[in-house]
Amino acid sequence: MGAGGRMPVPNTKLEGGKKNPIERVPHTTPPFTLGQIKKAIPPHCFKRSLLRSFSYVVHDLFFASLFYYVATSYFHLLPHPLSYFAWPLYWIFQGCVSTGVWVIAHECGHHAFSDHQWVDDIVGLVLHSALLVPYFSWKYSHRRHHSNTGSIERDEVFVPKPKSQMAWYSKYLNNPPGRVLSLVVTLSLGWPLYLAFNVSGRPYDRFACHYDPYGPIYSDRERLQIFISDAGIFLMTFVLYQLAAAKGLAWVVCVYGVPLLIVNGFLVLITYLQHTHPALPHYDSSEWDWLRGALSTVDRDYGVLNKVFHNITDTHVVHHLFSTMPHYNAMEATKAVNPLMGDYYRFDGTPIVKAMWREAKECLYVEPDDEAPNKGVFWYRNKF
């Protein structure tokens with residue numbers, strides 16, 4: 001840290017001319033408009049194909065069914081020690097492909113699945129409810145996240161706090177054991193805690209919960225859909241109860257529960273790393289505007305999982321700019337806009353485990369630079 005607690009800005013280039021992934025993204029008004037970005041993208045990228053979108057649903061559900069069939073039909077035939085290896089493999093594979101299902105439901109919430117809103121909502125409601133996600137509830141809060149990305153006052157989730165608002169115990173977790181504990185809790189419980197108690201979400205003047213139709217997150221015209229979301233969760237919970245009664249709780253945990261924990265962990269990890277990065281600014285109301293906020297995101301590389309997760313991982317910047325674009329066109333669009341956006345686009349190829357640890361270490365709270373002419377631009381800090 002430099003004088004006054006300011007984080008020094010790394011060199012712009014690394015060896016070979018590559019951009020340093022933790023060099024700060026420009027925070028000034030971009031020299032391009034959203035319309036110019038859109039013109040740089042081939043028009044067909046914005047077209048949604050119902051048939052192609054459903055092909056990804058069929059693809060993911062086929063593999064999910066295949067993994068389920070193999071596990072329930074053959075694992076009990078394995079010699080006893082081998083089952084200790086077979087079940088973890090099932091959990092990982094099923095968790096990964098189910099995360100892809102989650103991503104498709106997320107696309108439905110953005111009306112990126114088809115040209116028909118009712119089709120998107122039915123498909124999204126079924127897929128998200130199967131993963132115990134309240135579809136409409138999250139659709140509306142997530143839409144507000146897209147409308148307010150990068151705002152420390154109005155963003156809906158992963159809202160960083162100024163140092164003065166950090167919990168008293170935060171400094172005691174600013175060490176390797178504390179970071180391990182924080183990451184374990186965040187990845188295992190972060191998603192249900194956010195849905196139920198708005199943990200890490202935007203502060204409201206009263207209790208906020210994604211299951212409460214009358215909570216402060218939702219408007220009067222949205223309340224009926226929140227009841228429908230709750231009904232979907234109730235129905236899925238009832239199905240799981242009946243399965244537990246027929247097959248046993250251990251069976252439900254092994255076949256469904258552990259893969260769901262992996263889905264939830266990936267969901268939190270992906271969204272955390274998309275919006276938490278040493279190079280990304282946040283803004284208060286004196287500086288924030290929609291385009292700069294949307295650009296305050298980062299694309300990451302999850303290797304082969306990029307395809308399994310339908311590229312939500314490495315095309316997130318363009319997704320924030322054009323959220324109704326189907327995922328299967330987002331990579332082409334990303335490549336098309338990179339030359340125009342230049343330093344305003346950020347891709348970080350740091351291995352995910354290393355990046356997760358770095359962000360947990362470096363990105364604890366936000367503060368403006370001491371010598372900045374205005375105090376509306378906030379950057380991550382880690383010194384207490």
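The model is predicted, with local features needing pLDDT of at least 70 and side-chain atom pairs pLDDT 80 or more, while totals for chains, interfaces and linings use all residues. Residues are numbered from 1 along each chain as its sequence is written, and side-chain values use heavy atoms, without hydrogens and water. Three cavities of 30 Å³ or more turn up in a search of the whole structure (a cavity is a set of points on a 1 Å grid, over the protein atoms alone, where a 1.4 Å probe fits but cannot get out; points are joined across faces, edges and corners, and volume is the space filled by probe spheres set on them).

**Largest cavity**
- The volume of the largest cavity is about 110 Å³.
- Its lining has 14 residues (an atom within 4 Å of a point), and Glu107, Ile312, Thr315, His319 and His327 lie nearest the centre.
- Helices H3 (80–109), H11 (316–321) and H12 (327–341) each give two or more residues to this lining (helices are DSSP runs of H or I, at least four residues, numbered from the N terminus).
- H3 contributes the most, with three residues.

**Second largest cavity**
- The second largest cavity holds about 50 Å³ of space.
- Among the residues lining the second largest cavity are Asp155, Phe158, His275 and His282.

**Serine 170**
- Serine 170 sits in the loop between helix H5 (135–147) and helix H6 (176–197).
- Serine 170 counts as buried because its relative accessibility is 14% (buried means under 20% relative accessible area, with a 1.4 Å probe and protein chains only).
- The serine 170 side chain reaches the backbone oxygen of alanine 167 at 3.0 Å.

Terms used:
On a 1 Å grid over the protein atoms alone, a cavity is a set of points where a 1.4 Å probe fits but cannot get out, and a pocket is an open set with protein on both sides within 12 Å along at least five of seven lines; lining residues have an atom within 4 Å of a point. Buried means under 20% relative accessible area, exposed over 50%, partly exposed in between (1.4 Å probe, protein chains only). A polar contact is a pair of N or O atoms within 3.5 Å; within protein, one must be able to donate a hydrogen and the other to accept it, and residues adjacent in sequence count only if both atoms are side-chain atoms.
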